[in-house]
Amino acid sequence: MSATDAIPSAKGPKGLARLGAEAVSWLQAAPLTLVLGLFLIFPIVTIVIVSFWDYSEYALIPDVILDNYTYLLSSPVTWSIFLSTLGYAAASWVLTLLIGFTVAYFLAFHVRTLTWQIVLFMVCTIPFWTSNVIRMISWIPVLGRNGLVNQGLMGVGIIDHPLEFLLFSDFAVILAFVHLYTLFMVVPIFNSMMRIDRSLLEAAADQGASAWQTLWSVIVPLCRPGIVIGSIFVVTLVMGDFITVRLMSGGQGASVGVMMNNEISLLQYPAAAADAVVLLAVVLLMVFGMLKAVDIRREL
Amino acid sequence: MQSETRSKAFPFLAAFFALFVLFLYGPMIAIFILSFQGPEGGLTFPMRGVSLHWFANLFEPQMVGDFGGSLQRSLLLAFVVMVLTVVISVSAGLAFRRRFKGSTTLFYLTVTSLIVPSILVSLGIGLMFRVLGWQPNWWSSALGAHLTWTLPFGLLIMFAVFNRFSPSYEEAARDLGATPWQTIRHVILPIIAPSLIGVAMFGFTLSYDEFARTLMTSGVSNTLPLEIYGMTTNVTTPVLYALGTVTTVFSFTVIGVCLAAVTLTRRRRLRQGSDAGKGVF
């Protein structure tokens, strides 16, 4: 039932009222459908079509060839690039999950007043609304050759030479992913935790469960939806990343996004499109796997 | 967890949380301080004097590509994305309160929009414009690309809002003879206003900072994040940090204003009861 049900009225737009509830819903959903159709469906269809095209140094040649895919799948380079991307995703997933869960656990169960929970939660989420590029750049004075970490370690005398692996390395890439994306874990896990009925925890304690047992047997299973949603975010963001790997590895690191960007700058659009199709397939498979575990619409 | 004494884990968890916050904000604070480097200063500590040299440098056009122009474009684009995100999300949110043919498909399409890698959206829209012979532009292709990122957030917020929204307000309005449009304008919108500020903030800040989706869709003129990315490869002075400080302060201001607005609306509501129907929206 809603206000937009078909009730003829003196002032209202009569045509609209007569259309019936279903039509009103369609009209209301139309702008969203239009935008997603035009800027999500069509572009993806374009990518799929172009991935079968041929190309020269100057132009795209409409065609139906499998060369882009056979080249992609037969090249050991692309396989290793996909593997390295999966590696980044796995490492970032484990770290963001552990850190995100711990932070959410602290906020949900160890901060006592709602006001403080909201304040500290905001502290965790505010960086989400600032620039990722700037947040990556901000590691330069910290991790660089003459950065704070090296200066500190040398000052204390732990090392004599600056550590070179801190910036422009795989270490830096994963650190940046954790820095950028942990809050995608914190938010949904915190949300799940806040819905847990506190009497369940009391019941567990009354039955003699230790804090650790309560955490593992009660809280973690009930947080599964949050964990899944956070994992989907982190994995898809890392799999499709281009700029973090490019900036933080100093151009040495390889990921599918970087490979696609290189091909695009060489105007090899069909090759990039084939990469994109394979990447999309991999990402969707991973997401479907994770979604088996949870009904997201119920979690909102 | 309302026990009288803190658990033994508390100090460890609190310390962990403090370290996490330091991890989040520490680097940002470092570039904030370093952007006030003296004219002789470099990209790392120590500070060689304190000055506004690099901020002044930022506004000299020959030093940095096109800071002013790209900032203007980014602000305008973010504003348009914000308005469209709010309008489209509310409209779709209203639609989704009822099942309609295709609602499940549209819902999953929206979720897909959230999880399809940005670079794919960027490449797809760029390619589509190329194949159709259209000129990509920040106000057309990039606008669409940004909406595919902001709309899912907007719609999910609307879901959260309408899941907790009692239909009795609307029924009352209708019983009192309100037209559907009057019900939306004077009952629903005032009630969901604080959440709309949230949607607007998502729309503005996500667009203002978006990089990957703009990369292949902005055409010939850069937006600010693209300009900053360009600078990282060829600028080796603290002017980079000055730019970082300026845009971050700007983002914080937007966030601060939005949060203050949300808090104020909530407070006013607590004091006066709902202002629904008073037409003050």
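Is A:Phe168 buried, partly exposed or exposed, and what is its relative accessible area? A:Phe168 is partly exposed, with a relative accessible area of 39%, where buried means under 20% relative accessible area, exposed over 50%, and partly exposed in between, with a 1.4 Å probe and protein chains only. The model is predicted, so that local features need pLDDT of at least 70 and side-chain atom pairs count only at pLDDT 80 or more, whereas totals for chains, interfaces and linings use all residues. Residues are numbered from 1 along each chain as its sequence is written, chains are lettered from A and ligands numbered from 1 in the order in which they are written, and side-chain values use heavy atoms, with hydrogens and water left out.

A:Phe168 lies in the loop between α8 (148–156) and α9 of chain A, helices (H or I, at least four residues) and strands (E, at least two) being DSSP runs numbered from the N terminus. Although A:Phe168 is not a glycine, its phi is positive, at about 55 degrees. A:Leu267, in the loop between α14 (256–265) and α15 (269–291) of chain A, is likewise not a glycine and has a positive phi of about 60 degrees; A:Leu267 is partly exposed, with a relative accessible area of 35%. As background, most residues other than glycine have a negative phi.

Chain B has 11 helices and zero strands, and its pattern along the sequence is accordingly written α-α-α-α-α-α-α-α-α-α-α. Taken along the principal axes, the C-alpha atoms of chain B fill a box of roughly 75 × 70 × 35 Å. Of the 281 residues in chain B, 56% are buried. Among the contacts in chain B with a separation of 6 or more, 72% come from residues 24 or more positions apart, a contact being heavy atoms within 4.5 Å.

Between the two chains, 95 residues of chain A are in contact with 101 residues of chain B. Chain A and chain B bury about 9000 Å² between them, 77% of it on carbon and sulfur atoms; this buried area is the accessible area (1.4 Å probe) that two parts lose on being put together, summed over both. The largest share of the side of chain A that touches chain B, 21 residues, is contributed by helix α2 (residues 21–50) of chain A. By class, this side of chain A comprises 65 nonpolar, 22 polar and eight charged residues, with Ala, Val, Leu, Ile, Met, Phe, Trp, Tyr, Cys and Pro counted as nonpolar, Asp, Glu, Lys and Arg as charged, and the others, Gly among them, as polar. Across the interface of chain A and chain B, 10 residue pairs are in polar contact, both residues being at pLDDT 80 or more; a polar contact is a pair of N or O atoms within 3.5 Å, where within protein one must be able to donate a hydrogen and the other to accept it, and residues adjacent in sequence count only if both atoms are side-chain atoms. The count of salt bridges between chain A and chain B is zero, a salt bridge being a side-chain nitrogen of Lys or Arg within 4 Å of a carboxyl oxygen of Asp or Glu.

Individual residues illustrate these contacts. A:Ser138, in the loop between α6 (132–137) and α7 (140–143) of chain A, is buried at a relative accessible area of 0% and, not counting residues up to four places away in sequence, touches B:Pro27, B:Met28 and B:Ile31. A:Val103, in helix α4 (residues 76–110) of chain A, is buried with a relative accessible area of 1%; leaving aside neighbours within four places in sequence, A:Val103 is in contact with A:Cys124, A:Val186, B:Phe16, B:Phe17 and B:Phe20.

The largest nonpolar core has 184 residues, of which A:Leu107, A:Met193, A:Ile219, B:Leu123 and B:Ile192 touch the most other members; helix α9 (residues 170–194) of chain A gives the most to this core, with 16 residues. Such a core is a set of buried Ala, Val, Leu, Ile, Met, Phe, Trp, Tyr and Cys residues joined through side-chain atoms within 4.5 Å.

Over all chains, a search of the whole structure finds one salt bridge. B:Arg97 forms a salt bridge with B:Glu170, with the closest N and O atoms 2.8 Å apart. The pair links distant parts of the chain, 73 residues apart, with B:Arg97 in the loop between α3 (67–95) and α4 (103–115) of chain B and B:Glu170 in helix α7 (residues 168–175) of chain B. B:Arg97 counts as partly exposed at 28% relative accessibility, whereas B:Glu170 counts as buried at 3%.
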